Amino acid sequence: IKTSFKRQPAVGAPLPHDSAHLHVTGRASYTDDLPEPRNLLHVAVGMSSVAHAELVAMDLSKVLAAPGVVDVCIAKDIPGDNNFGPIIADDPIFATDLVQCVGQPVFAVAARTVDAARKAVRFARIDYREREAILDALTAVEKQSFVLPSETLIRGEPDAALKAAPHRLRRRVFLGGQDQFYLEGHIAMAVPQEDGCLTVYSSTQHPDEVQMMIAHATNRAAKDVTVICRRMGGAFGGKESQAALIACIAALASDKTARPCKLRLDRDDDMIMTGKRHDFVIDYDVGFDDNGLILGIDFELASRCGMSADLSGPVNDRAMFSCDNAYYLENVRILSHRCKTNTVSNTAFRGFGGPQGMFAIEYAIEDIARKLGKDPLQVRRRNFYGKDERNITHYQQRVDDNVIEEIFDRLLVSSDYEKRRREIRKFNDTSPILKRGIAMTPVKFGISFTNTLLNQAGALVHVYKDGTIQRNH
């Protein structure tokens, strides 16, 4: 690859990704492509088959006797903390007396081959005493089952505004979840080093958190754990907190066997064991005038967080902060429930709660338009944030450099929205079954973390004697 040092403008230029030539030629190395150390063992995870139960007894004798098996790991083998929860210590690496969801890790097997490890976990005999399971958000709200306390955000006088509004609508909306489905599944390889140190190759979005969780679990100092992630084959939030679980299991197996250990989840196990986008139940009560201007709105959000808190706090906070999207809500109440259910812990997913909040207000906008017989575009425009007034969010941030009106007008013309809408209406009038639709929807999305402390970054730059530069960030 030849590099030109002639200065050229970068803004708007089609600059190639620095690894693009490796990606397109298949030479980019991911964790599973790295050379495997001598005496490497492969790890598989034994998972709970029930949603909520006491763990009465566990017989792993047939697992240990299975062909190729070297050892097994359970909670008692963890020398440090049995936890990988990123914020609250409520997420055990291995279950102890209680299992709280299908797919929760109970033990791990280290064997000489991948197939041997995956076959061996099926020989476990586990006795459960089942308990009632809470599987959905509405049941959790009814039973007051929460991973974190509910939060409320209020601006203005929503009750008075709703009561005085000429029009009022109430609705309950169900918003489903999604699986990240990264092409590279969860994987980690732990390699013992001299003097008790450990190097872990992990497909993770958060290497320093993985480092700390491994250190806590294996009873090491952080300086004795090195975590390396050269690249990921996709993540989308799924490897932000929960990659630590995979890395901790690999590290614990490596410690117990004193050999390098790799854990690469089978795709089915990956989807069963790890979290998704939070699904929500959204209730809203909205009052508005004849032109569609929202005078008051009351939201109640219930998200299915799963068995532990994981990142549900900031995810649900961002959903609350995104309930305005691009619209000024003068009188608003948002009640957010973080529901504890006997399902896998949901986690970060692209947008991090923002899409769920935007979905809530956009559904309300569409509802208002249907009620008034207006194009939703008109209702959206009527409620946009302003420039000098109506430009403070419900979380007290000023919307600076607001160009939503200009952008909307330009896109309205360049997209031929009106012409396409007329054509779609004509098509729908003559098509009794197949229908078409069109929408023009704005997005206001904050890129910062909900915790101010986290809004920082760092970089390390090496300048070498031949003038070349290496940058880590």
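Colleague: How many residues sit between strand 16 and strand 17 in their hairpin?

Modeller: There are 5 residues between them. Keep in mind that this is a predicted model.

Colleague: Okay, and which residue in the turn has a positive phi?

Modeller: That's Gly467, with a phi of about 90°.

Colleague: How many bridges join strand 16 to strand 17, and do they run parallel or antiparallel?

Modeller: Strand 16 covers residues 460-463 and strand 17 covers 469-472; they run antiparallel and are joined by 4 bridges. As for who faces whom, Val463 stands opposite Ile469 of strand 17.

Colleague: Switching to the open sheet: what's the strand order?

Modeller: The order is 4-2-6, with antiparallel pairing across the 3 strands. Strand 4 (98-99) and strand 6 (125-130) are at the edges and each has a single partner strand, so one side of each has no neighbour in the sheet.

Colleague: How many bridges do strand 2 and strand 4 pair over?

Modeller: They pair over 2 bridges, and strand 2 is residues 53-59. In that pair, Ala53 stands opposite Val99 of strand 4.

Colleague: Now helices. At what angle do helix 6 and helix 7 pack?

Modeller: Helix 6 (residues 207-218) packs against helix 7 (residues 243-257) at about 40°, and their axes are 9 Å apart. That angle makes helix 6 oblique to helix 7. The crossing is right-handed.

Methods: Residues numbered from 1 in each chain as written. Predicted model: local features only at pLDDT ≥ 70, side-chain atom pairs only at ≥ 80, totals over all residues. Heavy atoms only, no water. Axes fitted to C-alpha atoms, helices over the stretch in contact; angles between N-to-C directions. Parallel < 35°, antiparallel > 145°, perpendicular 65-115°, else oblique. Left-handed = near helix turned anticlockwise from the far one by under 90°. Pairing = 2+ DSSP bridges.
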